[in-house]
Amino acid sequence: MSRDVAIIRMEGTNNEYEAYQSFSRIGLNPRYVHVNELKNKTVSLEEFSSIFLPGGFSAGDYIRAGVILANRIASSSLKELRGFIDSGKPVVGVCNGFQVLCELGFLPGWSYENQREIVLGQNSSNRYECRYTYIKYTSNNGIFSGIFKPDTPYLVPVAHSEGKIQIQDKEKNLEKLIKDGQILFRYSDDIGNFGEYPWNPNGSDHDIAAISNPEGNVIGLMPHPERMFYRYRNVEKERFGEPAIGQMFFQSLKDYIFKKGY
C-alpha cells in the first residue's frame with residue numbers, strides 16, 4: 001500500500017500548499033507533481049494512492065476555467081488516469097480542480113469523456129465570491145459516510161467566480177444525479193435549510209456544492225476544505241463541537257485508502 005498522494009500543479013495553481021499540509025497532517029505522504037513531469041514520463045500516476053487537483057487559476061483560466069490544464073493532462077496521461085480511476089483509487093478536484101475533472105469528462109462520469117453533461121459557469125452574482133458558507137452531506141458515498149453526518153451544516157470557505165453548476169438536460173440528469181447518489185454536498189444556511197444566495201454563492205442548480213462519478217471515487221467540489229483544517233480557523237459558534245471540515249474531509253480520504261489497501 002502506498003501512502004503517496006499526487007498533488008498535480010502547473011502555472012497558476014495556488015492551493016497546493018494547503019492541500020499538502022492537510023494530507024501531511026492526517027498521515028499521508030503528499031508529493032507535488034508538475035504536469036510537465038507527467039508529459040516527460042518522469043513520474044507515473046501508478047505510484048500513488050490518490051490524486052488531488054488543487055484550486056487556483058491554472059494557465060490563468062484562459063479560454064475557460066481549467067481547460068488548458070485538462071488538455072495538458074489528457075495529452076500526456078489520459079489512459080493512465082483512466083486506469084487509475086477504474087482501479088477505484090480516489091481522485092479529488094477542488095475548485096479549479098473540479099473544473100479540470102469536468103473538462104476531462106470524468107465528472108459526472110456517465111459518458112466517460114465523450115460528452116459534457118455538466119458545466120461550471122459564471123456565478124449568478126457576476127462577481128468573485130470569497131467568503132464562508134455552509135454545506136450539508138447528502139449522499140451515502142463510501143468515502144465520506146463514516147465521518148460526515150447527514151442533516152448537519154458544515155462551515156466551509158468558498159473562493160471562485162466560475163462555480164455555478166449547470167446541468168444539461170436538467171430534468172433528466174438532475175434526477176439521475178440524485179438517484180445514483182452523486183450529489184455529495186449541497187449549500188445550506190447555518191441551520192441546514194437549503195437556500196438561495198448568499199448561502200448558495202454561485203447559483204448552482206439544486207444548490208449543488210460537490211458531486212462524484214457513479215462509482216463514488218472521482219470527487220469534485222467548489223468549496224475549499226483544505227483551507228479550514230483546524231477548528232480554530234472556524235468562526236463564532238463553529239469553533240466548538242465538530243472538528244473543522246478540512247480535518248474530516250482529509251481523514252475520510254485516508255480511512256478509505258487504508259481500508260481499500262491502496
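Against which strands do the buried residues of α5 pack? The structure is a predicted model, in which local features require pLDDT of at least 70 and side-chain atom pairs count only at pLDDT 80 or more, while totals for chains, interfaces and linings use all residues. Residues are numbered from 1 along each chain as its sequence is written, and side-chain values use heavy atoms, with hydrogens and water left out.

The buried residues of α5 pack against β5 (118–121), β8 (164–167), β9 and β10, contact meaning heavy atoms within 4.5 Å. Helices (H or I, at least four residues) and strands (E, at least two) are DSSP runs numbered from the N terminus. In α5 (residues 170–179), Asn-173, Leu-174 and Leu-177 are buried, that is, under 20% relative accessible area, with exposed meaning over 50% and partly exposed in between (1.4 Å probe, protein chains only). Seen down the axis of α5, these buried residues fall within an arc of 100 degrees and so line one face of the helix; the arc is that of the directions from the helix axis to the C-beta atoms. The face turned away from the buried side of α5 carries the exposed residues Glu-171, Lys-172, Glu-175 and Lys-179. Just after α5, Gly-181 adopts a positive phi of about 70 degrees.

Nine strands form an open sheet with mixed pairing, in the order β2-β1-β3-β4-β11-β10-β9-β6-β7; two strands pair if DSSP finds at least two bridges between them. The edge strands, β2 (29–34) and β7 (153–160), each pair on one side only. Strands β9 (residues 183–188) and β10 (residues 208–212) pair in the antiparallel sense over three bridges, and Arg-186 has Ile-208 of β10 as its bridge partner.
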